[in-house]
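Let's look together at how a protein surrounds a ligand. Take a moment with the sequence and the 3D view, then read on.

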Amino acid sequence: MEPILEGPVEVRSHLGPDDERSLADDVLDGLTRPLKELPPKHLYDARGSELFDAICELPEYYQTRTERLILEAHAQDIVRRTGAVELVELGSGSATKTRVLLDAMAAAGTLARYIPVDVSATTVHAVAELFADEYPGLSVFGLVADFERHLERLPEPVGPRLVPFLGGTIGNFPPGSRRRFLRSLGKVLGPDGYLLLGTDLVKDPRVIEAAYNDSAGVTAQFNLNVLHVLNRELGADFDVDAFEHVAFFDREREWIEMRLRATQPQHVRIDALDLEIDFAAREELRTEISAKFTLDGLRADLDAAGLELVELFTDPNELFAVSLARVAG
Ligand code: AVJ
(Lines give C-alpha, C1' and ligand atoms only; values in the text may rest on other atoms or scores of the structure.)
Protein backbone atom coordinates (compact mmCIF):
# COMPACT_ATOMS: atom_id res chain seq x y z
CA MET A 1 0.00 0.00 0.00
CA GLU A 2 1.18 3.53 -0.78
CA PRO A 3 1.49 5.86 2.15
CA ILE A 4 -1.02 8.69 1.74
CA LEU A 5 1.02 11.06 3.86
CA GLU A 6 4.76 11.04 4.47
CA GLY A 7 6.61 12.32 7.48
CA PRO A 8 5.79 12.06 11.15
CA VAL A 9 2.17 11.43 10.16
CA GLU A 10 1.58 8.48 7.86
CA VAL A 11 -1.80 6.96 6.96
CA ARG A 12 -2.39 3.70 5.09
CA SER A 13 -5.65 2.35 3.83
CA HIS A 14 -6.63 -1.31 3.71
CA LEU A 15 -10.25 -1.00 2.76
CA GLY A 16 -11.39 -1.86 -0.73
CA PRO A 17 -14.68 -1.62 -2.65
CA ASP A 18 -15.79 -4.96 -1.15
CA ASP A 19 -16.03 -3.44 2.28
CA GLU A 20 -18.98 -1.31 1.21
CA ARG A 21 -21.08 -4.42 0.74
CA SER A 22 -21.13 -5.05 4.44
CA LEU A 23 -24.42 -3.26 5.22
CA ALA A 24 -26.24 -5.00 2.36
CA ASP A 25 -24.78 -8.39 3.29
CA ASP A 26 -25.59 -7.96 6.97
CA VAL A 27 -29.15 -6.93 6.18
CA LEU A 28 -29.68 -9.81 3.78
CA ASP A 29 -28.29 -12.28 6.34
CA GLY A 30 -29.88 -10.77 9.39
CA LEU A 31 -33.37 -9.95 8.20
CA THR A 32 -34.02 -13.31 6.55
CA ARG A 33 -33.24 -15.30 9.71
CA PRO A 34 -36.03 -16.90 11.72
CA LEU A 35 -35.12 -14.50 14.54
CA LYS A 36 -34.37 -11.22 12.83
CA GLU A 37 -31.14 -9.53 13.78
CA LEU A 38 -28.77 -6.74 12.71
CA PRO A 39 -25.19 -6.16 13.91
CA PRO A 40 -24.92 -3.06 16.13
CA LYS A 41 -22.22 -1.38 14.02
CA HIS A 42 -24.86 -0.03 11.61
CA LEU A 43 -26.36 2.07 14.41
CA TYR A 44 -23.51 4.56 13.96
CA ASP A 45 -24.14 6.73 10.92
CA ALA A 46 -23.66 10.49 11.46
CA ARG A 47 -27.01 10.84 13.25
CA GLY A 48 -26.47 7.60 15.21
CA SER A 49 -23.05 8.78 16.38
CA GLU A 50 -24.59 12.07 17.51
CA LEU A 51 -27.28 10.21 19.41
CA PHE A 52 -24.67 7.93 20.98
CA ASP A 53 -22.72 10.98 22.16
CA ALA A 54 -25.95 12.26 23.70
CA ILE A 55 -26.49 8.87 25.41
CA CYS A 56 -23.05 9.19 27.03
CA GLU A 57 -24.24 12.40 28.73
CA LEU A 58 -27.51 10.95 30.05
CA PRO A 59 -28.00 10.77 33.83
CA GLU A 60 -28.99 7.06 33.56
CA TYR A 61 -26.00 6.10 31.39
CA TYR A 62 -23.32 5.77 34.07
CA GLN A 63 -20.75 3.94 31.90
CA THR A 64 -18.96 6.77 30.10
CA ARG A 65 -18.44 9.08 33.03
CA THR A 66 -17.50 6.22 35.37
CA GLU A 67 -14.91 4.86 32.96
CA ARG A 68 -13.48 8.35 32.47
CA LEU A 69 -13.10 8.77 36.25
CA ILE A 70 -11.38 5.37 36.53
CA LEU A 71 -8.98 6.30 33.73
CA GLU A 72 -8.20 9.70 35.20
CA ALA A 73 -7.53 8.16 38.60
CA HIS A 74 -5.21 5.45 37.27
CA ALA A 75 -3.65 6.66 34.00
CA GLN A 76 -0.32 7.44 35.68
CA ASP A 77 -0.28 4.08 37.36
CA ILE A 78 -1.12 2.31 34.09
CA VAL A 79 1.69 4.09 32.27
CA ARG A 80 4.18 3.34 35.04
CA ARG A 81 3.15 -0.34 35.17
CA THR A 82 3.31 -0.83 31.42
CA GLY A 83 6.15 1.48 30.40
CA ALA A 84 4.03 2.07 27.30
CA VAL A 85 5.71 4.01 24.48
CA GLU A 86 2.94 3.62 21.89
CA LEU A 87 -0.83 3.54 21.90
CA VAL A 88 -3.01 1.68 19.38
CA GLU A 89 -6.49 3.13 19.19
CA LEU A 90 -9.14 0.76 17.84
CA GLY A 91 -12.05 2.71 16.37
CA SER A 92 -10.77 6.20 16.96
CA GLY A 93 -13.99 7.35 18.56
CA SER A 94 -13.19 9.25 21.68
CA ALA A 95 -10.40 11.80 21.74
CA THR A 96 -11.14 12.55 25.42
CA LYS A 97 -10.21 9.11 26.76
CA THR A 98 -7.19 8.83 24.48
CA ARG A 99 -5.94 12.19 25.66
CA VAL A 100 -6.00 11.03 29.29
CA LEU A 101 -3.65 8.16 28.39
CA LEU A 102 -1.45 10.10 25.95
CA ASP A 103 -1.06 12.88 28.54
CA ALA A 104 0.11 10.37 31.13
CA MET A 105 2.57 8.84 28.63
CA ALA A 106 3.85 12.29 27.67
CA ALA A 107 4.23 13.26 31.34
CA ALA A 108 6.21 10.06 31.97
CA GLY A 109 8.41 10.96 28.98
CA THR A 110 7.74 7.64 27.22
CA LEU A 111 5.28 8.70 24.49
CA ALA A 112 6.69 7.91 21.03
CA ARG A 113 3.93 6.75 18.70
CA TYR A 114 0.18 6.86 18.24
CA ILE A 115 -1.56 4.35 15.93
CA PRO A 116 -5.22 5.16 15.19
CA VAL A 117 -7.22 2.43 13.40
CA ASP A 118 -10.67 3.21 12.00
CA VAL A 119 -12.85 2.28 9.03
CA SER A 120 -13.34 5.96 8.29
CA ALA A 121 -10.41 7.60 6.45
CA THR A 122 -11.77 11.00 7.50
CA THR A 123 -11.64 9.99 11.16
CA VAL A 124 -8.12 8.54 10.93
CA HIS A 125 -6.80 11.69 9.21
CA ALA A 126 -8.58 13.95 11.69
CA VAL A 127 -7.23 12.25 14.84
CA ALA A 128 -3.80 11.78 13.27
CA GLU A 129 -3.48 15.52 12.59
CA LEU A 130 -5.08 16.45 15.91
CA PHE A 131 -2.67 14.45 18.05
CA ALA A 132 0.39 15.19 15.89
CA ASP A 133 -0.31 18.89 16.57
CA GLU A 134 -1.03 18.42 20.23
CA TYR A 135 1.98 16.24 21.11
CA PRO A 136 5.18 17.64 19.61
CA GLY A 137 7.55 14.95 18.38
CA LEU A 138 4.82 12.30 18.33
CA SER A 139 5.01 9.94 15.40
CA VAL A 140 1.63 8.87 14.04
CA PHE A 141 0.89 5.78 11.98
CA GLY A 142 -2.78 5.76 10.97
CA LEU A 143 -4.52 2.71 9.57
CA VAL A 144 -7.79 2.88 7.63
CA ALA A 145 -8.96 -0.63 8.37
CA ASP A 146 -11.57 -2.75 10.10
CA PHE A 147 -10.06 -3.74 13.44
CA GLU A 148 -12.13 -6.93 13.47
CA ARG A 149 -10.39 -8.14 10.30
CA HIS A 150 -7.15 -6.29 9.58
CA LEU A 151 -5.20 -6.27 12.83
CA GLU A 152 -2.32 -8.18 11.28
CA ARG A 153 -1.56 -5.02 9.27
CA LEU A 154 -0.43 -3.15 12.35
CA PRO A 155 3.27 -2.25 12.36
CA GLU A 156 5.65 -4.06 14.73
CA PRO A 157 5.76 -2.46 18.19
CA VAL A 158 8.66 -0.04 18.79
CA GLY A 159 8.47 -0.74 22.53
CA PRO A 160 5.82 -1.67 25.10
CA ARG A 161 2.48 -1.17 23.40
CA LEU A 162 -0.77 -0.16 25.08
CA VAL A 163 -3.99 -1.22 23.34
CA PRO A 164 -7.06 0.31 24.96
CA PHE A 165 -10.43 -1.21 24.04
CA LEU A 166 -12.70 0.95 26.11
CA GLY A 167 -16.32 1.98 26.50
CA GLY A 168 -17.61 -1.55 27.06
CA THR A 169 -17.67 -2.23 23.32
CA ILE A 170 -16.32 -5.75 23.96
CA GLY A 171 -19.82 -6.43 25.32
CA ASN A 172 -21.23 -6.18 21.79
CA PHE A 173 -19.52 -9.46 20.85
CA PRO A 174 -21.38 -12.68 21.63
CA PRO A 175 -19.32 -14.92 23.96
CA GLY A 176 -17.56 -17.03 21.30
CA SER A 177 -16.52 -14.17 19.04
CA ARG A 178 -15.63 -12.15 22.13
CA ARG A 179 -12.97 -14.69 23.01
CA ARG A 180 -11.82 -14.95 19.42
CA PHE A 181 -11.50 -11.16 19.19
CA LEU A 182 -9.61 -10.98 22.51
CA ARG A 183 -7.22 -13.62 21.18
CA SER A 184 -6.63 -11.53 18.05
CA LEU A 185 -5.86 -8.54 20.29
CA GLY A 186 -3.33 -10.69 22.16
CA LYS A 187 -1.52 -11.27 18.87
CA VAL A 188 -0.84 -7.55 18.38
CA LEU A 189 0.28 -6.88 21.95
CA GLY A 190 3.66 -8.46 21.50
CA PRO A 191 5.59 -9.93 24.46
CA ASP A 192 5.54 -6.75 26.55
CA GLY A 193 2.35 -5.04 25.45
CA TYR A 194 -0.86 -4.57 27.40
CA LEU A 195 -4.55 -4.59 26.65
CA LEU A 196 -6.61 -2.01 28.56
CA LEU A 197 -10.15 -3.34 28.50
CA GLY A 198 -13.26 -1.42 29.58
CA THR A 199 -16.19 -3.57 30.71
CA ASP A 200 -19.54 -2.78 32.23
CA LEU A 201 -20.15 -4.87 35.35
CA VAL A 202 -23.12 -7.01 36.42
CA LYS A 203 -25.20 -5.11 38.96
CA ASP A 204 -28.80 -4.48 40.00
CA PRO A 205 -30.75 -5.13 36.77
CA ARG A 206 -32.84 -2.01 37.40
CA VAL A 207 -29.74 0.16 37.14
CA ILE A 208 -28.65 -1.57 33.93
CA GLU A 209 -32.09 -1.44 32.35
CA ALA A 210 -32.52 2.25 33.18
CA ALA A 211 -29.32 2.99 31.23
CA TYR A 212 -30.95 1.57 28.07
CA ASN A 213 -34.45 2.93 28.68
CA ASP A 214 -33.62 6.53 29.49
CA SER A 215 -36.43 8.87 30.38
CA ALA A 216 -35.52 11.35 27.61
CA GLY A 217 -35.97 8.61 24.99
CA VAL A 218 -32.55 9.16 23.41
CA THR A 219 -31.70 5.45 23.37
CA ALA A 220 -35.04 4.75 21.65
CA GLN A 221 -34.16 7.27 18.92
CA PHE A 222 -30.67 5.77 18.63
CA ASN A 223 -32.15 2.30 18.17
CA LEU A 224 -34.88 3.39 15.71
CA ASN A 225 -32.33 5.35 13.69
CA VAL A 226 -30.99 2.11 12.21
CA LEU A 227 -34.24 1.84 10.22
CA HIS A 228 -33.55 5.30 8.73
CA VAL A 229 -30.09 4.00 7.79
CA LEU A 230 -31.68 1.07 5.92
CA ASN A 231 -34.23 3.33 4.24
CA ARG A 232 -31.56 5.73 3.04
CA GLU A 233 -28.67 3.38 2.22
CA LEU A 234 -30.61 0.45 0.79
CA GLY A 235 -33.80 2.08 -0.48
CA ALA A 236 -35.93 0.32 2.13
CA ASP A 237 -39.38 1.56 3.08
CA PHE A 238 -39.56 0.88 6.82
CA ASP A 239 -42.33 2.84 8.53
CA VAL A 240 -40.16 3.87 11.45
CA ASP A 241 -43.18 5.02 13.47
CA ALA A 242 -44.55 1.47 13.40
CA PHE A 243 -41.64 0.16 15.51
CA GLU A 244 -40.87 0.61 19.19
CA HIS A 245 -37.69 0.46 21.22
CA VAL A 246 -37.24 -2.51 23.58
CA ALA A 247 -34.29 -3.05 25.94
CA PHE A 248 -34.06 -5.60 28.75
CA PHE A 249 -31.41 -7.33 30.81
CA ASP A 250 -31.25 -11.07 30.12
CA ARG A 251 -30.45 -12.28 33.64
CA GLU A 252 -29.34 -15.72 32.45
CA ARG A 253 -26.88 -14.54 29.85
CA GLU A 254 -26.01 -11.37 31.69
CA TRP A 255 -26.41 -9.10 28.71
CA ILE A 256 -28.65 -6.27 27.60
CA GLU A 257 -30.64 -6.92 24.46
CA MET A 258 -31.85 -4.04 22.39
CA ARG A 259 -34.63 -4.79 19.94
CA LEU A 260 -37.09 -3.06 17.65
CA ARG A 261 -40.66 -4.36 17.94
CA ALA A 262 -43.24 -4.01 15.16
CA THR A 263 -46.38 -2.52 16.70
CA GLN A 264 -48.50 -3.92 13.84
CA PRO A 265 -47.91 -6.30 10.91
CA GLN A 266 -45.39 -4.80 8.46
CA HIS A 267 -44.45 -5.50 4.90
CA VAL A 268 -41.11 -3.97 3.97
CA ARG A 269 -39.40 -3.73 0.60
CA ILE A 270 -35.62 -3.28 0.36
CA ASP A 271 -34.86 -2.12 -3.19
CA ALA A 272 -31.08 -2.56 -3.13
CA LEU A 273 -31.53 -6.24 -2.22
CA ASP A 274 -34.67 -6.81 -4.25
CA LEU A 275 -36.02 -8.27 -1.04
CA GLU A 276 -39.44 -8.22 0.63
CA ILE A 277 -39.74 -9.07 4.30
CA ASP A 278 -42.65 -9.34 6.68
CA PHE A 279 -42.98 -8.61 10.36
CA ALA A 280 -45.82 -10.10 12.37
CA ALA A 281 -47.46 -7.85 14.94
CA ARG A 282 -45.07 -7.64 17.95
CA GLU A 283 -42.28 -9.39 16.07
CA GLU A 284 -38.87 -8.18 17.18
CA LEU A 285 -35.61 -7.44 15.43
CA ARG A 286 -32.52 -7.67 17.67
CA THR A 287 -30.18 -4.73 17.11
CA GLU A 288 -27.61 -5.15 19.89
CA ILE A 289 -26.39 -7.26 22.75
CA SER A 290 -24.28 -5.58 25.42
CA ALA A 291 -22.70 -8.01 27.85
CA LYS A 292 -22.11 -7.15 31.51
CA PHE A 293 -19.24 -8.85 33.34
CA THR A 294 -18.41 -10.41 36.67
CA LEU A 295 -14.79 -10.68 37.77
CA ASP A 296 -14.93 -14.46 37.27
CA GLY A 297 -16.48 -14.12 33.83
CA LEU A 298 -13.85 -11.61 32.81
CA ARG A 299 -11.00 -13.84 34.00
CA ALA A 300 -12.50 -16.82 32.18
CA ASP A 301 -12.76 -14.87 28.91
CA LEU A 302 -9.19 -13.55 29.19
CA ASP A 303 -7.92 -17.01 30.08
CA ALA A 304 -9.69 -18.61 27.11
CA ALA A 305 -8.06 -15.98 24.88
CA GLY A 306 -4.56 -16.68 26.18
CA LEU A 307 -4.44 -13.48 28.25
CA GLU A 308 -3.89 -12.86 31.94
CA LEU A 309 -5.34 -10.17 34.14
CA VAL A 310 -2.60 -7.99 35.59
CA GLU A 311 -4.69 -5.40 37.39
CA LEU A 312 -8.33 -4.42 37.59
CA PHE A 313 -9.39 -0.85 38.29
CA THR A 314 -12.93 -0.04 39.29
CA ASP A 315 -15.01 2.78 40.81
CA PRO A 316 -16.19 2.84 44.44
CA ASN A 317 -19.65 1.55 43.44
CA GLU A 318 -18.18 -1.18 41.20
CA LEU A 319 -20.29 -0.11 38.26
CA PHE A 320 -17.56 -0.42 35.64
CA ALA A 321 -14.09 -1.93 35.32
CA VAL A 322 -10.94 -1.11 33.40
CA SER A 323 -8.59 -4.10 33.25
CA LEU A 324 -4.97 -4.35 32.32
CA ALA A 325 -4.12 -7.68 30.71
CA ARG A 326 -1.18 -9.19 28.85
CA VAL A 327 -0.37 -12.35 26.98
CA ALA A 328 -0.31 -15.20 29.52
CA GLY A 329 3.23 -16.27 30.35
C1 AVJ B 1 -20.92 1.46 22.83
C2 AVJ B 1 -21.61 -0.79 22.85
C3 AVJ B 1 -20.73 0.18 24.82
O4 AVJ B 1 -23.66 -1.20 24.87
O5 AVJ B 1 -23.76 0.45 26.26
C6 AVJ B 1 -25.60 2.54 24.38
C7 AVJ B 1 -23.90 1.16 23.00
N8 AVJ B 1 -26.38 0.99 23.13
N9 AVJ B 1 -26.93 2.53 24.51
C10 AVJ B 1 -23.51 -0.02 25.16
C11 AVJ B 1 -25.26 1.56 23.50
C12 AVJ B 1 -27.41 1.61 23.74
C13 AVJ B 1 -22.91 0.92 24.10
N14 AVJ B 1 -21.57 0.44 23.63
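How far does a polar side-chain atom of Ser 290 lie from an oxygen atom of the ligand? The distance is 2.6 Å. Keep in mind as you explore that this is a predicted model.

In Glu 288, a polar side-chain atom lies 2.6 Å from a nitrogen atom of the ligand. Tyr 61 also takes part: an N or O atom in its side chain is 2.5 Å from an oxygen atom of the ligand. On its own, the ligand has 350 Å² of accessible area, and the protein covers 97% of that.

## The shell around the ligand

There are 15 residues around the ligand, and those that come nearest are Tyr 61, Gly 167, Tyr 212, Glu 288 and Ser 290. Sorted by class, the shell holds seven nonpolar residues, seven polar ones and one charged residue.

Where do these residues sit in the fold? Helix H2 (46–56), helix H8 (218–234) and strand E11 (284–291) supply at least two shell residues each.

## A look at Gly 167

Gly 167, one of the residues that come nearest to the ligand, is found in the loop that runs between strand E5 (161–165) and helix H6 (175–189).

Leaving aside residues up to four places away in sequence, Gly 167 touches Glu 67, Lys 97 and Phe 320. Thr 64 is 103 residues from Gly 167 along the chain, yet their C-alpha atoms are separated by 6.6 Å.

Technical notes:
Residues are numbered from 1 along each chain as its sequence is written. This is a predicted model: local features need pLDDT of at least 70, side-chain atom pairs count only at pLDDT 80 or more; totals for chains, interfaces and linings use all residues. Side-chain values use heavy atoms; hydrogens and water are left out. A residue is near a molecule or strand if one of its heavy atoms lies within 4 Å of it. A polar contact is a pair of N or O atoms within 3.5 Å; within protein, one must be able to donate a hydrogen and the other to accept it, and residues adjacent in sequence count only if both atoms are side-chain atoms. Accessible areas come from the Shrake-Rupley method with a 1.4 Å probe; for residues, only the protein chains shown count as cover. Helices (H or I, at least four residues) and strands (E, at least two) are DSSP runs, numbered from the N terminus. Ala, Val, Leu, Ile, Met, Phe, Trp, Tyr, Cys and Pro count as nonpolar, Asp, Glu, Lys and Arg as charged, and the others, Gly among them, as polar. Contact means heavy atoms within 4.5 Å.
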